[in-house]
Every structure is written in structure tokens, then in C-alpha cells.
Amino acid sequence: MHCPFCRSTDTRVLDSRVSDDGASIRRRRACTECEKRFTTVEQMQLTVLKRSGASEPFNRDKAVAGVAKACKGRPVGADDLARLGQTVEDVLRDRGWAEVPAHEIGLAILGPLRELDEVAYLRFASVYRAFQSAEDFETEIAVLRAERAAAEQAQPTG
């Protein structure tokens, strides 16, 4: 670790703390040369394994941008998309993979998006699952209706 003040490579760790969500470690450091203190944050790099076999760092903004297209014209705000992006990243990190297959990102998006907006979910699912016909839409809509009816029946009346 290089000191950001004098560029010395001789630094020591004074304190280490894991973040509340467990996704990063904050280290308080001191330079032995200039004696200045600084903080570093270590975070696990989530890598995406693309269909081509190439790997690239996970980019939450890229995932959210795809969802934003599906949400165009829908009552979904930037804060909603930011929360969805965080939820997706949390789900992927919780699975403990060093490399996440690209198709798993789409799967991780589908659940939270369905809860956020059903129309946007259908738009995204139609592209992600490569719907070929109107029947594909009808089948997915039937599943949504069945799940909604089951949820309504499960709620206590009163």
C-alpha cells in the first residue's frame, strides 16, 4: 500500500473494521515515513463471466440501465432503480461466487423488478427470456395473475 501523501510503500495498519453489511473492510493506516494517517477500504470485486468467456467487473449502473429501459414511461423513479440495483448486487454477493455468470444477473433482476412494476417486469422478461410469441406473454401474465391471487388469499381478512 502506497502512502497517498509521500508515496512510501512502508505503511502499517492501525485498525481494521468490517462494514455493517460485511461487504468491505475499512483499514486505518499510518505511514512510517511521513507519519500521516489515512483510510483504505477493501471491497470484494464481483466479476461477470460473459457468454463469450470474457470476464469484466460487475457494474451496477450497467444492470440498472437495462432495467431503466424496461421502466420507461412507468411510475418508477431513480431511487426505485437505485434500490433495485443494490438489491441485485446484494443477492449476487450473497451467493458467494467469485465470478457470476451473466445470465444470473438477469435472474437476480427479475424478482425485484416484478415486485416493483409488473409492466416493466414483462418488458424486461420478454427480452431476457427471448419471448417468441404472444403466447409467451400470455403464459407469463397468467403466472403473475395466479401469484397475485394466491397472495391475496393468503392475507388475513379482517
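**View 1. Helices H4 and H5 cross in a right-handed manner.** The model shown is predicted. Helix H5 covers residues 134-154, and its axis lies 11 Å from that of H4. The angle at which the two pack is about 140°. Angles over 145 degrees would count as roughly antiparallel, and 65 to 115 as roughly perpendicular. H4 and H5 are therefore oblique to each other.

**View 2. Helix H1 packs on helix H2.** Two packed helices are described by the angle between their axes and the distance between the axes. For H1 and H2 the angle is about 125°. Their axes are 9 Å apart. Helix H2 spans residues 78-94. The pair is therefore oblique. What is the hand of the crossing where H1 passes H2? The crossing of H1 and H2 is right-handed.

**View 3. Helix H2 also packs on helix H3.** Here the axes of H2 and H3 stand 9 Å apart, and the angle is about 135°. That angle makes H2 oblique to H3. H2 passes H3 in a right-handed crossing. Helix H3 itself runs over residues 102-116.

**View 4. Strands S1, S2 and S3 form an open sheet.** The three strands lie in the order S1-S2-S3, and their pairing is antiparallel. Which strands stand at the edges? Strand S1 (11-18) and strand S3 (37-43) do. Each has a single partner strand, so one side of each is left without a neighbour in the sheet. On average, neighbouring strands of this sheet are turned by 25° against each other, direction ignored. In a regular strand the side chains alternate between the two faces of the sheet.

**View 5. Bridges join strand S2 to S1 and to S3.** Strand S2 holds residues 24-31. How many bridges join S1 to S2? Seven bridges do, and the two strands run antiparallel. Asp-15 has Arg-28 in S2 as its bridge partner. Seven bridges also join S2 to S3, again antiparallel. Two pairings show this contact in detail. Ile-25 has Glu-42 in S3 as its bridge partner. Arg-26 has Val-41 in S3 as its bridge partner.

**View 6. A hairpin connects S2 and S3.** Five residues lie between the two strands. Which residue of this hairpin takes a positive phi? Glu-35 does, with a value near 65°.

**View 7. Strands S5, S4 and S6 form another open sheet.** Their order is S5-S4-S6, and the pairing is mixed. The edge strands are S5 and strand S6 (99-101), each of which pairs on one side only. From one strand to the next, the twist averages 35°. Strand S4 covers residues 47-49. Three bridges join S4 to S5, and these two strands run antiparallel.

**View 8. The largest pocket has a volume of about 640 Å³.** Rolling a probe the size of a water molecule over the atoms shows where empty space is left. The lining of the largest pocket comprises 22 residues. Which of them lie nearest its centre? They are Lys-62, Ala-63, Ala-102, Ile-105 and Phe-124.

**View 9. Strand S5 and helices H1, H3 and H4 each supply at least two residues of the lining of the largest pocket.** Strand S5 spans residues 55-57, and helix H1 spans residues 60-70. Helix H4 spans residues 118-128. Which element gives the largest share of this lining? H1 does, with six residues. By residue class, the lining divides into twelve nonpolar, four polar and six charged residues.

Note on methods. Residues are numbered from 1 along each chain as its sequence is written. This is a predicted model: local features need pLDDT of at least 70, side-chain atom pairs count only at pLDDT 80 or more; totals for chains, interfaces and linings use all residues. Side-chain values use heavy atoms; hydrogens and water are left out. Two strands pair if DSSP finds at least two bridges between them. Helices (H or I, at least four residues) and strands (E, at least two) are DSSP runs, numbered from the N terminus. Axes are lines fitted to C-alpha atoms, for helices over the stretch in contact, and angles run from 0 to 180 degrees between N-to-C directions. On a 1 Å grid over the protein atoms alone, a cavity is a set of points where a 1.4 Å probe fits but cannot get out, and a pocket is an open set with protein on both sides within 12 Å along at least five of seven lines; lining residues have an atom within 4 Å of a point. Grid points are joined across faces, edges and corners, and a volume is the space filled by probe spheres set on the points. Ala, Val, Leu, Ile, Met, Phe, Trp, Tyr, Cys and Pro count as nonpolar, Asp, Glu, Lys and Arg as charged, and the others, Gly among them, as polar. Angles under 35 degrees count as roughly parallel, over 145 as roughly antiparallel, 65 to 115 as roughly perpendicular and the rest as oblique. A crossing is left-handed if the near helix is turned anticlockwise from the far one by less than a right angle, and right-handed if clockwise.
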